[in-house]
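I opened this notebook to keep a record of what I looked up, one entry at a time. Each entry takes up a single part of the chain and stays with it until I have the picture clear.

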Amino acid sequence: MMSSSGGIGKEREEGPQSESSQRKVVRTACPLCGYHVFDVEIENNRVERVRPAPVPGNKGDGVCLKAVRALQWHYPEEVRGAIFPMIRQNKGGPWKRASWDEALDLVAKRLKETKETDGSQATAIMIGTGALMGGIIGMQTLGQFAEKYGCYIHTHGETCYVVRVIANIVTCGALLQPDLEPGIKNGSIWLWGSNPEASLPPMVKRIRLKQKNEGSKLVVIDPRRTVLAKKADLYLPVKPGTDLALILAMLNVIIKEELYDKEFVDKYTLGFDELKKHVAVYTPEHVEDIVNIPASDIRKAAEIYAKDQPAAIFAYIGIDGGPHAFQFHRAAVSLHALLGNIDVAGGMLLREKWTGWLASSAFKAQEGKPCAGQPYSIYTKFSNEGSPAYFLESVLRGDPCEYKNLLIWGYNTVRMHGDSNRVREALKKAEFIVQVDPQMNEVSDYADVFLPVRALLEKQELGSLWGSFDNDQLYLVEPCIKAPGEGLDDYEIVWRLSERFGFEHWKSFEEAANETLSKIDYTLDKMKAEGPWYWRETDKKWKTRTPAFRTSSGKIELYSKVIEEEGFNPLPTYFEAAETHVSSPNIARKYPLIATDFRSPNYLHSRLHDCPGLLKVEPEPLVERQGLRKISRKELSDYRWDGLVLAQAY
Ligand code: SF4
């Protein structure tokens, strides 16, 4: 039930504010990468202690150092920059404090005028993790607003996660995730461009225990020799950006040596003969110079994968941000299909009932309206989003449409995109920028309006567990402490804005959560009673599935007609990326090093770099190098990152 009447617009009066001097314990989901559930001890509106909650989904994991220190620090007022709505008198002029009404009236007026003069597609909404943190109600509310206003949403998902999801759905009809359940046997565990030591530290213990107690083999494929790479049975230091060639060579070996599961392939796949013919050229000997790994090691990897089943492959951000992300993930599904390693315990789980879709379920493609990245039609077709990577280029070029207004929601575009100078140029070119964020940052230099949003433990939200892979989880993020100043929850800001357009909207968090949960036959009360969360084991039942896979053919589509119809290669094909020493030898002579970044266990994307507890552990940007040239501090001084590997060009 939605309403266009009032009912919102008041700061929350109940809850922790009234209890600020009391000691209390709140059970809530970790608002950082959102995988674990905590019991948070609070006294006088401060986090005193964070400890893992005794709930089944935690599976005995502890709390990582990043979460403990970040939550105890919790965005003190002095680092936020502004705790009230702020507006500039004129472009680039000084900030002035405003009331919510004043700031939102200004935003609504500008958006209405632009729609009249340039069309609604001249406004775009960019969503990062800084504010929403996977918040389902916030994301849906923004999606509803965008649909009614008539503009596109651009999340950061194109460079992580969403491309992987689309590749999986196109190929086998659902998302595949590795099963690392304690007590379930994994024949082999693969960390391919994935380093849980930094991204999900409690997982390291699980992997080490499986190696020790169950004899699971560990294979690490990463340009960087991580701690787990040193513990691996096989470590392949793949040349950055060539992973697709490597996986195609593994397919070549498995098919040529007939190591695959013929029965599964015959019964459940489509296009095996085409794939066989296609990968014949990718012999280990042909590929070894491309990937800089000896052919013998490539064969060894293929044999481990084929023989040490079931195999759980973690291939995440290191692949997702690379040049072949989509086709790599299609090739990975093909690899699993060859061994029947799909929907099996300890291998790859097929997540048909996965609830992650709820967050973006309100995103709608804007029929007939141009948006950035439309040449990459598969992305927009499956996600209903515009491309964030091409978005900033579109702002600069005015093609395929002129973007005048940007609503930047918890997204430090300057730090999160490559070539930050180019991003700054794009922000400078946009005529009107509204920034919604818990703290001011580099984007604020270009913003015209700043709207403070509640941070981490101040929010009330329904979270989708983006980091979850072995079961299906939604969690309730409960407000633990009171936000300073006038920050609001994301959806409250959107509802207040919606009222200025006469758009219908939910009236309360409870109404929004119950309507959302009804899609999975659940309620907010049940959620509070159970955890507070929704948690289900992923089904493992492929042998009884009819049809087996939710693709148009009912089979795993190794050869994809869907992709072919969109004008793309129906089989994963390796090509040399732009500006490598192979594709651009002249550039490579001048710039002989390859740079690739890595994640730090102490920070979250571009965030938490102000947290003293974490700065103590990692006070400066890290650079690792496997080359000859020394990097001067001066060369590094202008940048801020989690980590950077500089490797000598091959
Ligand atoms: S691993 Fe992620 S979800 Fe778990 S405690 Fe650390 S930051 Fe939170």
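**Entry 1, the whole chain.** I noted before anything else that this is a predicted model. I then looked up the secondary structure, which comes to 28 helices and 24 strands. The chain has 650 residues, and 60% of them count as buried. I also looked at contacts between residues with a separation of 6 or more, and found that 73% of these join residues 24 or more positions apart.

Which residues touch the most other members of the largest nonpolar core? I found that they are Trp-190 and Trp-192, in a core of 61 residues. The element that gives the most to this core is helix H10, residues 243-256, with 11 residues. Another core, of 51 residues, lies apart from this one, and I listed Leu-142, Val-449, Phe-509 and Tyr-534 among its members. Going back to Trp-190, I looked up its contacts beyond four places in sequence, and these include Val-219, Ile-221, Met-250, Ala-301, Tyr-305 and Phe-314.

I followed H10 to helix H13, residues 284-291, and found that the two axes come within 9 Å and cross at roughly 165°. Since angles over 145 degrees count as roughly antiparallel, H10 and H13 are therefore roughly antiparallel to each other. Their crossing is left-handed. On the H10 side the contact is made by Ala-245, Leu-246, Ala-249, Asn-252 and Val-253, and on the H13 side by Pro-284, Val-287, Ile-290 and Val-291.

At what angle do helix H3 and helix H22 pack? For H3, residues 100-118, and H22, residues 490-499, I found about 60°, with the axes 10 Å apart. H3 passes H22 in a right-handed crossing. Trp-100, Leu-104, Val-107 and Ala-108 of H3 meet Ile-493, Arg-496 and Leu-497 of H22. This contact has six nonpolar residues, no polar and one charged.

I looked up His-154, which lies in strand E7, residues 152-155. Is His-154 buried or exposed? Its relative accessible area is 0%, so it is buried. Beyond four places in sequence, His-154 touches residues including Ala-124, Met-126, Ala-372, Glu-385, Phe-391 and Tyr-403. I went on to Tyr-403, which sits in the loop between helix H19 (388-397) and strand E15 (405-409). Tyr-403 counts as buried because its relative accessibility is 5%, and the cut-off for buried is under 20%. Among the contacts of Tyr-403 I noted Gln-121, Ala-122, His-154, Cys-371 and Ser-394. Tyr-403 and Ser-120 are 283 residues apart along the chain, yet their C-alpha atoms are separated by 9.6 Å.

Leaving out residues up to four places away in sequence, Ile-317 touches Cys-160, Arg-164, Gly-193 and Arg-599. I also noted that Ile-317 and Asn-195 are 122 residues apart in sequence and 9.2 Å apart in space, C-alpha to C-alpha.

How values were computed: Residues numbered from 1 in each chain as written. Predicted model: local features only at pLDDT ≥ 70, side-chain atom pairs only at ≥ 80, totals over all residues. Heavy atoms only, no water. Core = buried A, V, L, I, M, F, W, Y, C linked by side-chain atoms within 4.5 Å. Buried < 20%, exposed > 50% of the residue type's maximum accessible area, 1.4 Å probe, protein only. Helix = DSSP H or I, 4+ residues; strand = E, 2+ residues; numbered from the N terminus. Contact = heavy atoms within 4.5 Å. Axes fitted to C-alpha atoms, helices over the stretch in contact; angles between N-to-C directions. Parallel < 35°, antiparallel > 145°, perpendicular 65-115°, else oblique. Left-handed = near helix turned anticlockwise from the far one by under 90°. Nonpolar A, V, L, I, M, F, W, Y, C, P; charged D, E, K, R; others polar.
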